[in-house]
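I opened the notebook on this chain and set down what I looked up, in order.

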Amino acid sequence: EPARCVYCGDVFVRGENGRGRCQDAPDPGGHCVHRLSCMWCAESLLYHCMSDSEGDYSDPCSCEPAGRPLCARWLALAALSLLAPCMCCYLPLHACHRCGLHWGCCGGRHKAAR
């Protein structure tokens, strides 16, 4: 029977609701990668030091310049990684998470509205 997801609003079939099907649903694996690699620290730095007047900032590991020079963001991340060396684990952890998303082991699932 079809149901509507509370996170994304899409209609889905309950029997075909595997991991990674809903991009807007909470993803425990992604949350774990975010916390273990101290990316919250990098996002805090970007928010407080490099955000625009509305408080928006680009993804910490993005290569596209967003207002501020690209070099300044990467220099700040490199300096921050000296204080929080766990940030160096982000790339391998993120790669493992992406593999888990590809194989259906990680990711958020749709949740039916009541």
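The entries go from the whole chain to single residues.

**Ground rules.** I am working with a predicted model, in which local features need pLDDT of at least 70 and side-chain atom pairs count only at pLDDT 80 or more, while totals for chains, interfaces and linings use all residues. I number residues from 1 along each chain as its sequence is written, and side-chain values use heavy atoms, with hydrogens and water left out.

**Fold.** I counted 4 helices and 2 strands in the protein chain. I took these as DSSP runs numbered from the N terminus, helices being H or I of at least four residues and strands E of at least two. Along the sequence I read the order β-β-α-α-α-α.

**Overall dimensions.** The C-alpha trace spans about 50 × 30 × 20 Å along its principal axes.

**Burial and surface.** I found that 29% of the 114 residues count as buried. Buried means under 20% relative accessible area, exposed over 50%, and partly exposed in between, with a 1.4 Å probe and protein chains only. The chain exposes about 7800 Å², of which carbon and sulfur atoms supply 58%. Those areas come from the Shrake-Rupley method with a 1.4 Å probe, and for residues only the protein chains shown count as cover.

**Contacts in sequence.** Of the contacts between residues at least 6 apart in sequence, 53% join residues at least 24 apart. I use contact for heavy atoms within 4.5 Å.

**Disulfide.** Which cysteines are joined by a disulfide? I found Cys 38 bonded to Cys 86, S to S 2.3 Å, and the structure holds 1 disulfide. The term covers a pair of cysteine sulfur atoms within 2.5 Å. The link of Cys 38 and Cys 86 is left-handed, with -105 degrees about the S-S bond. The pair ties together distant parts of the chain, 48 residues apart: Cys 38 lies in the loop between α1 and α2 (39–50), and Cys 86 in the loop between α3 (70–83) and α4 (90–103). Cys 38 is buried at 13% relative accessible area, whereas Cys 86 is partly exposed at 22%.

**Phi of Cys 38.** I noted that Cys 38 follows α1 and has a positive phi, near 60 degrees. Most residues other than glycine have a negative phi.

**Other cysteines.** Cys 8 is partly exposed at 26%. For Cys 105 the closest cysteine sulfur is in Cys 106, 6.1 Å away and also too far for a bond. Cys 105 is exposed at 55%.

**Salt bridge.** I found 1 salt bridge in the structure. The side chains of Glu 1 and Arg 14 form it, at 3.8 Å from N to O. Glu 1 sits in the segment before β1 (2–4) and Arg 14 in the loop between β2 (11–13) and α1, 13 residues apart. The criterion is a side-chain nitrogen of Lys or Arg within 4 Å of a carboxyl oxygen of Asp or Glu. Glu 1 is exposed at 68%, and Arg 14 is partly exposed at 45%.

**Asp 27 and His 97.** At the start of α1 (28–36), I found a side-chain oxygen of Asp 27 within 3.2 Å of the backbone nitrogen of Gly 29. The side chain of Asp 27 also makes a polar contact of 2.6 Å with that of His 97. A polar contact is a pair of N or O atoms within 3.5 Å; within protein, one must be able to donate a hydrogen and the other to accept it, and residues adjacent in sequence count only if both atoms are side-chain atoms. His 97 is in helix α4 and is buried at 10%. Leaving out residues up to four places away in sequence, His 97 touches Asp 27, Gly 29, Gly 30, Val 33 and Cys 106.

**Asp 24.** Last, I placed Asp 24 in the loop between β2 and α1. Apart from residues up to four places away in sequence, Asp 24 touches Tyr 7 and Cys 8.
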